[in-house]
Amino acid sequence: MTRSTDAVAKKTNTTMGVDGCPACGRYIAPEALRDSLMVCPLCGYHHPLGTLQRISQLVDDGSWEGIAVDGVLSDPLNFFDSRPYPARLKAAQLSTGLPEAFAAGRCTVEGVPVGLGILDFQFLGGSMGAAVGEGFWRLTEHCIIDHVPLVVVTSSGGARMQEGLFSLLQMAKTVMALEELRETTIPFLVVLADPTTGGVLASFASLADVIIAEPGAQLWFTGPRVREMTTRERTPEGFGSAEEALKCGHVDLVVPRTELRQRLVELLILLQGGESVLGEIIPQRRKTAGWRAGGAGRAAERSAGVARAAWNWLRRRDR
Amino acid sequence: MPALPGIGYEEEIAEVQGKLQALEGLGLPTAAWKTVAIARAQKRPQFLDYIPYLAPDFVELHGDRVGGDDRAIVGGVGSLDGRTVVFVGHQKGHDLKERQLRNFGMARPEGYRKAQRLFLTAERLNLPVVTLVDTPGAFPGLDAERGGQAWAISRTLQVLAGLKVPTVAFIIGEGGSGGALALALCDRVFMLENAIYSVITPEGCAAILWRDAAAAPRAAEALQLTACELLELGLIDGIVPEPRGGAAGRARTMARRILKLAVDTLTELRGLKSSELCVARRRRYLAVGLSSGPDQGWSQFP
């Protein structure tokens, strides 16, 4: 359920910018890396993103409005392994600065209002416990009430073992939340970031209307170590990657991070019956500096303006 | 170590002692671990042992209508106490030959698609569904992964979630993770007394959290996977008692008890309109993990 091979562990634990890119090994200045949206400019490796980084890359400045989640059982089993579960939670909260693995909020992307959820691998492996399930449900509820599309960015190891069967039943809970959404015409988009596995992939993440994956994202139901324990099969290199999932017909698109924002907006408008007039995709740079200055930056801004105009037209027509 | 003035080691000592205590007796059998052994016993009755007693006129239906027929999941129609019911369940197999045929009850995507198709048939013909769950988990092989295991499971969950007919699940042996939930997302969920239902195998949990598969007995206890514990937590609706010594070799006795509970439950659920059924099911699963008291687990982000 949690990713476990040494190679994978090494990849996520490497401190970015200090040891160089974990994929190509070359050193990239942290500022340069941030400017390229945490994508290695030399080899294209997509570094893992924290919740705040993801929000700052996708969401219009100042539009994020968090959705409160409370009334959740925090330790239903009084779970204790080598440390009590509340201590692990506390440690995760301190190291990430997040209250839980799932952040939900209302925001706009290029002026298009969405309900956005982010499941962060850096918080206890992005595992799905009661708080994550409830966060997903409240976000879905908000999307239904406000009639805005639901977008979720996932990176998760699966279910949260420390909550036992409660965590398994969160799979059921998220599916039930989507049953409510299915009674409307609100689109649901998922962005599968590295890694999305186990109970998260086998519930809401694979039930989206459109499934986008980030390049190189690991997508599987069962991890290589459990597979080897059960079937003695060796997992070949590159197995279960986003690119292979595209070939097997599991995902709709593999979109590099630099194009993600624009692709999302395009899809959000089209799926709500509007006409997208973005034209060619211009790779996104960091929103500050690079985003404003330079030819590509200005062109991107122009097309974003067009998108906003298209969106406004759509809203007027609906009214 | 002589303590320096102003420096105390009490906290560290207490922590190390706690760790030591946690390590001692790591592999000792716990009560939960014994239940795990009973639930997995080869001689324990399985789907095909119960079905002649539950529905003597059972007709097995095959195939997922896409590309295969998974023998790890068995399904078909039969009359339960005079009324036709669609049965779906896992079959692990008893001897090595059957176990290989049934892939030890670990279903591939074809199996879940077969289940979906049978559930939808049940809905179209307005027949209730009874599932018998007994699997270590969904098959983790490379072919299953390429076939879209996660996609097959989530779609099965979705079909069950929206089904307009009553559904009842019995966990008869091992209820392992997503592979079990795919057949257990029902209006009512019952467990046999010595069955287990868990998010992960105790071995897997031990390997990840204790970094030692030998800690499985301890993990089994911590996961609270037995029928009694899950009933107390309010996650299942009832327990089917087993004779002294467990269900092994007592298929007929157990089938009679399962039959009675299934008939009673279906009679109760038949009184509901299909819309009421769906709303109640939705409400039930949306409430999992919520606290009734003032326990504030989490607050707003950011």
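Me: Thanks! To start, how many cavities of 30 Å³ or more does the rule count?

Reply: This is a predicted model, in which local features need pLDDT of at least 70, side-chain atom pairs count only at pLDDT 80 or more, totals for chains, interfaces and linings use all residues, and side-chain values use heavy atoms, with hydrogens and water left out. Residues are numbered from 1 along each chain as its sequence is written, while chains are lettered from A and ligands numbered from 1 in the order in which they are written. On a 1 Å grid over the protein atoms alone, a cavity is a set of points where a 1.4 Å probe fits but cannot get out; a pocket is an open set with protein on both sides within 12 Å along at least five of seven lines, and lining residues have an atom within 4 Å of a point. With points joined across faces, edges and corners, and volume taken as the space filled by probe spheres set on them, the count of cavities of 30 Å³ or more is 9.

Me: Which element gives the largest share of the lining of the largest cavity?

Reply: The largest cavity holds about 120 Å³ of space. Its lining has 15 residues, and among those nearest its centre are H250(A) and E145(B). Helices here are DSSP runs of H or I with at least four residues, and strands are runs of E with at least two, numbered from the N terminus. The largest share of this lining, 3 residues, comes from helix 9 of chain A.

Me: How much area do chain A and chain B bury between them?

Reply: Contact means heavy atoms within 4.5 Å, and it takes 75 residues from chain A and 56 residues from chain B. Buried area is the accessible area (1.4 Å probe) that two parts lose on being put together, summed over both. Carbon and sulfur atoms carry 70% of the total, which is about 6,100 Å².
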